[in-house]
Amino acid sequence: MKKLCLIALLYSFTFGNDLQDAIDSASSGDIIELGSGVYSGNIIINKPITIDGKDKSAIIKGDGKGDVIKITSPGVKLLNLTIENSGNSHTTIDSAISCDKANKIEIINNIIKDSLFGVNFKQCNDSKIVDNYITSKPVDLGLRGDGIRLWYSHDNIIQNNHLYKSRDMVVWYSSNNKILKNYGEYGRYSLHFMYAGKNLVEENIFKYNSVGIFFMFSSGTTARKNQVLNSTGAFGVGIGMKDTSDFIIQDNILAYNARGLYLDQSPFQPGTTNVYEDNQILYNTVGVQFHATQHKSIFNRNDFIGNMEVAINDTPGSKIDINEWSNNYFDDYAGFDRDKDGIGDIEYKNFTYLDSLWQYYPNLRLFYGSAIMSILNFISKLAPFSEPELLITDTSPHMEPYHE
């Protein structure tokens, strides 16, 4: 292994690409240290080497077309760099860093900016994307690219990255990844999984994104100790589930979202169960929204506080009563605790009365919260003129919240 120090004396596309020349001349295992300055991008790394910018003052700048850095070899490390100015094409997924069929890649402590997509992994496994700051092009949300994108990529660690004004962080057809302690804000999907099983999502914070964490067509993932706040887009959710099975959703804070939990036909596979426990579901428009429920979910020790609606069901005929609820705290519980054991003396029940109309028929949501709907709802509770729907029965409601 040898170490090569490269100093950017002149940044010009006219006189070739000194960095690419250095890469081409390097041997496997070499380290290329870059001094402060601007280096021409659009480079291809096809051997296991390290490029280290030391203090991020080394800028690798693309020419505004395609990828700034393309990795095609295993064992590549990109450390302490500033990488900018990718192309603008969604068709070719123009990225700051593109990895294609290479394993054991390390992308650590870089600044990625003015790049349509940030880090794009295609069949790249057993790698690390850690401590990076990533933002997209300064365009409207729908025109940005994804901050981090995993495609058929497994066993990776995505940790401590800050995504700011990118589009999504996506994990598609990828399993056994660890998504840890990332911070994402002002994007579209905080984190979007499709056909991605057995991943771990832990201690991430997502704020002011259109949608929080959404799992689709996946199974066997655990999401715990995450905070999803202020997801108030047209389909804002804290955590959304679509056709998912065998999930554990544990100890998360879901606050100020349009929906805390959105559960669409989840669990999906017969004989599977999704478990929601120790979560704080706070001040959302809807605490939990059920859609097309067919199989059992279990809700234990969750705090439901300050939600405008604790739960709604938008699908007639759903098997809502198959769910199990125990030891949850509901701030609208009106029972007593005469034996002082911390558990309410009577079960908690949550009904929907005339509200089922706007829940079943979206066109009627115009009347949600209106005086006429409130009056009819009140009357229907006093003298029901139709059978109310029972959404929740918790036989052992907790008298005090679990969290301060």
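This is a predicted model: local features need pLDDT of at least 70, side-chain atom pairs count only at pLDDT 80 or more; totals for chains, interfaces and linings use all residues.
The largest cavity has a volume of about 100 Å³. Its lining is made up of 17 residues, and those closest to the centre are Leu163, Gly184, Tyr189, Ser190 and Asn209. Look next at the strands around it: strand 18 (162–164), strand 21 (183–185) and strand 22 (189–194) each contribute at least two lining residues. Strand 21 gives the most, with 3 residues. Sorted by class, the lining holds 6 nonpolar, 7 polar and 4 charged residues.

The whole structure contains 1 disulfide, formed by cysteine 99 and cysteine 124, whose sulfur atoms lie 2.2 Å apart. This pair links distant parts of the chain, 25 residues apart: cysteine 99 sits in strand 10 (residues 95–100), while cysteine 124 belongs to the loop between strand 13 (117–122) and strand 14 (128–130). The torsion about the S-S bond is about -110 degrees, so the disulfide is left-handed. Cysteine 99 is buried, at a relative accessible area of 0%, and cysteine 124 is buried too, at 0%.

Our last stop is strand 37 (residues 309–313). Here 5 of the 5 residues are buried, so the strand is largely enclosed by the rest of the structure. Strand 37 pairs with strand 34 (residues 286–291) in the parallel sense, over 4 bridges. To find this pairing in the model, look for valine 286, which stands opposite glutamate 309 in strand 37.

Key. Residues are numbered from 1 along each chain as its sequence is written. Side-chain values use heavy atoms; hydrogens and water are left out. A disulfide is a pair of cysteine sulfur atoms within 2.5 Å. Buried means under 20% relative accessible area, exposed over 50%, partly exposed in between (1.4 Å probe, protein chains only). Two strands pair if DSSP finds at least two bridges between them. On a 1 Å grid over the protein atoms alone, a cavity is a set of points where a 1.4 Å probe fits but cannot get out, and a pocket is an open set with protein on both sides within 12 Å along at least five of seven lines; lining residues have an atom within 4 Å of a point. Grid points are joined across faces, edges and corners, and a volume is the space filled by probe spheres set on the points. Ala, Val, Leu, Ile, Met, Phe, Trp, Tyr, Cys and Pro count as nonpolar, Asp, Glu, Lys and Arg as charged, and the others, Gly among them, as polar.
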